Amino acid sequence: MDTSMYWERVSTKQRQIAETARRTKGKSVLSIAHYIDVEWMYCAYELTRKDGAVGIDGVEAEAYAEHLGEQLQSLVDRLKSGNYRAPAVRRVYIPKAGSSSEKRPIGIPTFEDKILQRAVHMVLEPIYEGEFYDLSYGFRPGKSAHQALSHIWKETMNINGGCIIDMDISKYFDTIPHEQLREILGRRVSDGVIHQKRSFCG
């Protein structure tokens, strides 16, 4: 399937969202869920990793793609009607970097939930991208860890040395306050379809 036209239309919509966000900076951006249609969901599907671990339902990307059009239409319909409920994540434990014995838990969503999370990410990114500091490099389009290291090196040279503190908050994602995250999200996004879904808050 040639989705190049889908991408062109999605890119246009993202520019519209970004422009709305610029005009309403500091205020809520209303009714952004309507941007998510089947074309949008196709693009989200293309961006979703197909080789990742399966979720609690055991459905692999290849099986989901057998009736992709119907699956994505159903997903959009459930989202818009408020009937979508994110399935529980499958909990697995992986070795923690730098530790020989400690493991950290990660949750693996279903493949369908990954697609929907990607679709919502595609809506939220144009809103928040214009509000980040230039020196913020984490998980931003067009920015990389190498650029962050280069920035740190230049700043360190400009002040003729100094020290760098590497910090990690222990078990942060185990205790992250979801209600506060929703409150922060609500300052810019008051669209109930987006705001109320547990899936979209991680």
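Trainee: What share of the protein counts as buried?
Mentor: Of its 202 residues, 33% count as buried. Keep in mind that this is a predicted model.

Trainee: How many helices and strands does the protein have?
Mentor: Nine helices and two strands. Along the sequence the pattern runs α-α-α-α-β-β-α-α-α-α-α. The C-alpha atoms fill a box of roughly 60 × 50 × 35 Å along the principal axes.

Trainee: Why is R140 called buried?
Mentor: Its relative accessible area is 10%. Buried means under 20%. R140 is therefore buried.

Trainee: Where is R140 found?
Mentor: In the loop between α5 (111–128) and α6.

Trainee: What makes the pairing of S136 and R140 a polar contact?
Mentor: The backbone oxygen of S136 lies 2.8 Å from a polar atom of the R140 side chain. The limit for such a pair of N or O atoms is 3.5 Å. The distance of 2.8 Å is within 3.5 Å, so the pair meets that limit.

Trainee: Which residues does R140 touch, leaving out those up to four places away in sequence?
Mentor: E129, F132, Y133 and D134. Touching here means heavy atoms within 4.5 Å.

Trainee: Why is L149 called exposed?
Mentor: The relative accessible area of L149 is 56%. Exposed means over 50%. L149 therefore counts as exposed. This residue is found in helix α6 (residues 145–158).

Trainee: Which residues form a nonpolar patch on the surface with L149?
Mentor: I152 and I164. Together, L149, I152 and I164 have about 310 Å² of accessible area. Patch members need over 30% relative accessible area. L149, at 56%, is over that cut-off.

Trainee: Which residues touch the most other members of the largest nonpolar core?
Mentor: I32, I36, W40, M41, I115, L124 and I127, out of 38 residues in that core. At least two residues each come from α1 (4–23), α2 (38–47), α3 (61–64), α4 (68–81), α5 and α9 (192–195). The largest share, 10 residues, is from α5.

Trainee: What makes a residue a member of a nonpolar core?
Mentor: It must be a buried residue of a listed kind, Ile among them, joined through side-chain atoms within 4.5 Å. In soluble globular proteins, nonpolar side chains tend to be buried together.

Trainee: What does I36 touch, not counting residues up to four places away in sequence?
Mentor: M41, V76, L79, K80, A119, V120, V123 and I194.

Conventions: Residues are numbered from 1 along each chain as its sequence is written. This is a predicted model: local features need pLDDT of at least 70, side-chain atom pairs count only at pLDDT 80 or more; totals for chains, interfaces and linings use all residues. Side-chain values use heavy atoms; hydrogens and water are left out. Patches are made of residues with over 30% relative accessible area and no salt bridge: like charges are joined within 9 Å, nonpolar side chains (Val, Leu, Ile, Met, Phe, Trp, Tyr) within 5 Å. Accessible areas come from the Shrake-Rupley method with a 1.4 Å probe; for residues, only the protein chains shown count as cover. A salt bridge is a side-chain nitrogen of Lys or Arg within 4 Å of a carboxyl oxygen of Asp or Glu. Helices (H or I, at least four residues) and strands (E, at least two) are DSSP runs, numbered from the N terminus. Buried means under 20% relative accessible area, exposed over 50%, partly exposed in between (1.4 Å probe, protein chains only). A polar contact is a pair of N or O atoms within 3.5 Å; within protein, one must be able to donate a hydrogen and the other to accept it, and residues adjacent in sequence count only if both atoms are side-chain atoms.
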